[in-house]
Amino acid sequence: MTWIETDSLSFSARHDDADLACAHRVLDSLEDLRLRLEDRFDEVPGNVTVILHDNPAWLSAAHPLLPAVRWAAAPAARRYLAGWPMDGEIHTLNDSWMERRSAGEDSLRALRGTAERMYCEIVLAANNEALPPMWTPRRFITYLRWAWLIEGAAQYFAGQTSLYRAAVITRLREGERPAFPPSRRDALILGGTVFDLLDRHAGPDACVRMATRLHRQGPQGNLELAFEARMRDIERAWRVHLDEILYRQADSPEAPSLSDALERPDLDLSLGTPPEFSFDPTTYKRRPQTSPPDQRRSAEREIEEVDDHGGNSNGRDQAQRESRWRPDPGH
């Protein structure tokens with residue numbers, strides 16, 4: 001094993017050129033990320049070891065919880081579970097395996113940023129003692145309940161929310177209607193969209209506050225405190241935000257703010273689909289007659305005859321026609 005060390009971060013990798021190049025790339029990206037996070041968080045750990053695995057089996061063996069989390073995640077999210085944070089350690093796959101897992105350019109960039117996301121989770125735990133990656137049973141339960149916040153904050157602070165747009169679109173097109181806040185199954189895919197919306201509405205400081213404090217009333221308390229709005233209004237704005245991601249046009253790059261979404265009419269999403277239209281002629285009732293019998297020509301009793309030489313079959317161009325009324329043979 002070869003160790004590459006700096007003042008703040010140390011890396012362990014197999015001694016070959018590809019892994020050394022990967023380790024140097026990760027080292028540079030984490031150093032830049034650490035400097036950015038120092039301006040936002042009180043505690044930013046520096047003594048972190050990153051271990052590169054050249055096989056998913058080794059990664060799963062090192063962290064028995066990872067296969068279970070991967071199995072419980074939405075299909076669009078499973079490819080991105082290519083690493084796992086521990087107390088003072090980051091385990092991730094090497095670049096060759098990232099390339100095999102990727103589904104495009106943005107997907108590859110997101111996968112190569114796995115170590116950065118894991119480091120953000122370590123920073124979150126350093127500023128909130130209730131959060132993992134110290135994986136005690138109690139903190140694992142906390143992770144299950146707050147996965148949308150942990151994964152979403154890590155994605156947001158790593159600057160990777162835009163890289164998951166294709167995965168968000170895949171999730172929205174192929175899966176059922178997502179819950180709000182996102183469930184544990186959708187946390188890695190949709191968690192970042194909540195922070196993206198909050199950043200547009202209230203700014204980055206609100207994102208820091210929501211990520212570092214767990215409200216005693218649960219996720220609803222965190223969201224309402226951060227957005228300064230009711231839960232139903234936040235959810236409506238979030239779903240508008242997802243629609244903009246799904247249907248966004250190239251000439252409309254601006255995503256809606258929370259205020260824009262609140263101006264839209266409030267729809268009752270529980271109404272369901274409208275009933276099918278049907279018509280039963282046996283139940284049709286004729287409109288009451290208001291004119292005396294001797295002053296009207298009933299459509300039941302008489303039909304209009306049109307001169308064949310005065311107009312066409314559909315009644316147009318009949319200025320020269322002669323019309324007369326005769327009894328209806330059906331009565």
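In this predicted model, helix α10, spanning residues 165–174, and helix α14, spanning residues 231–247, have axes that come within 9 Å of each other and cross at roughly 105°. Because angles of 65 to 115 degrees count as roughly perpendicular, α10 is roughly perpendicular to α14. On the α10 side, the contact is made by Arg-165, Val-168, Ile-169, Leu-172 and Arg-173; α14 contributes Leu-242, Ile-245 and Leu-246. Sorted by class, the contact of α10 with α14 has six nonpolar residues and two charged residues, with no polar ones.

Leaving aside residues up to four places away in sequence, Asn-128 touches Ala-211, Thr-212, Arg-213 and Leu-214. With Thr-212 there is also a polar approach: a polar atom of the Asn-128 side chain lies 3.0 Å from the backbone oxygen of Thr-212.

These details belong to a protein chain with 15 helices and seven strands. Of the 331 residues in the chain, 45% are buried. Among contacts in the chain with a separation of 6 or more, 64% are between residues 24 or more positions apart. The accessible surface of the protein chain comes to about 19,400 Å², and carbon and sulfur atoms account for 47% of that surface.

Methods
Residues numbered from 1 in each chain as written. Predicted model: local features only at pLDDT ≥ 70, side-chain atom pairs only at ≥ 80, totals over all residues. Heavy atoms only, no water. Axes fitted to C-alpha atoms, helices over the stretch in contact; angles between N-to-C directions. Helix = DSSP H or I, 4+ residues; strand = E, 2+ residues; numbered from the N terminus. Parallel < 35°, antiparallel > 145°, perpendicular 65-115°, else oblique. Contact = heavy atoms within 4.5 Å. Nonpolar A, V, L, I, M, F, W, Y, C, P; charged D, E, K, R; others polar. Polar contact = N/O pair within 3.5 Å; in protein donor to acceptor, adjacent residues only side chain to side chain. Buried < 20%, exposed > 50% of the residue type's maximum accessible area, 1.4 Å probe, protein only. Areas by Shrake-Rupley, 256 points an atom, 1.4 Å probe, with all protein chains shown as cover.
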